Amino acid sequence: DYRKFWAEFGPVVKEGLLDGSAVTTQPEFDSCLAAADAHGVPVRKVVEVAQALAQTEATESTSTSGPE
């Protein structure tokens, strides 16, 4: 399973789930490339935004999961 996160350019980050828990969070290059083309910005900019979002989502998933 997976879910996508939206950045200012669209859904460019994919989070892989296993048993409901995040196991990977990363930018999808094809989505970043399409978003860059659609918005007229360099793909590098979209990838940087996506990486920042992926980092934030991974940190939040880590800090909110685990034993209570």
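Predicted model: local features only at pLDDT ≥ 70, side-chain atom pairs only at ≥ 80, totals over all residues.
1. Residues are numbered from 1 along each chain as its sequence is written, and side-chain values use heavy atoms, with hydrogens and water left out.

2. Strand 2 (residues 10-18) and strand 3 (residues 21-27) run antiparallel and are joined by six bridges; two strands are taken to pair if DSSP finds at least two bridges between them. The two strands form a hairpin with two residues between them, and D19 in that turn has a positive phi of about 55 degrees.

3. Helix 1 (residues 29-39) includes S31, and the buried residues of this helix are S31, C32, A35 and A36, where buried means under 20% relative accessible area, exposed means over 50%, and partly exposed lies in between (1.4 Å probe, protein chains only). These four lie on the same side of helix 1 because they cover an arc of only 135 degrees around the axis, the arc being that of the directions from the helix axis to the C-beta atoms. In general, an α-helix has 3.6 residues a turn, so residues three or four places apart point the same way.

4. On the other side of helix 1, D30, D37 and A38 are exposed, and A38 counts as such because its relative accessible area is 65%. S31, by contrast, counts as buried because its relative accessibility is 19%. After helix 1 comes G40, whose phi is positive, near 65 degrees.

5. The largest nonpolar core has 14 residues, and those with the most contacts inside it are V12, V13, C32 and V46; such a core is a set of buried Ala, Val, Leu, Ile, Met, Phe, Trp, Tyr and Cys residues joined through side-chain atoms within 4.5 Å. Strand 1 (2-7), strand 2, helix 1 and helix 2 (43-64) each supply at least two residues of this core, and helix 2 gives the most, with six residues.

6. Leaving aside neighbours within four places in sequence, V12 is in contact (heavy atoms within 4.5 Å) with residues including F5, S31, C32, A35 and V46. With the same exclusion, S31 is in contact with K4, P11 and V12.
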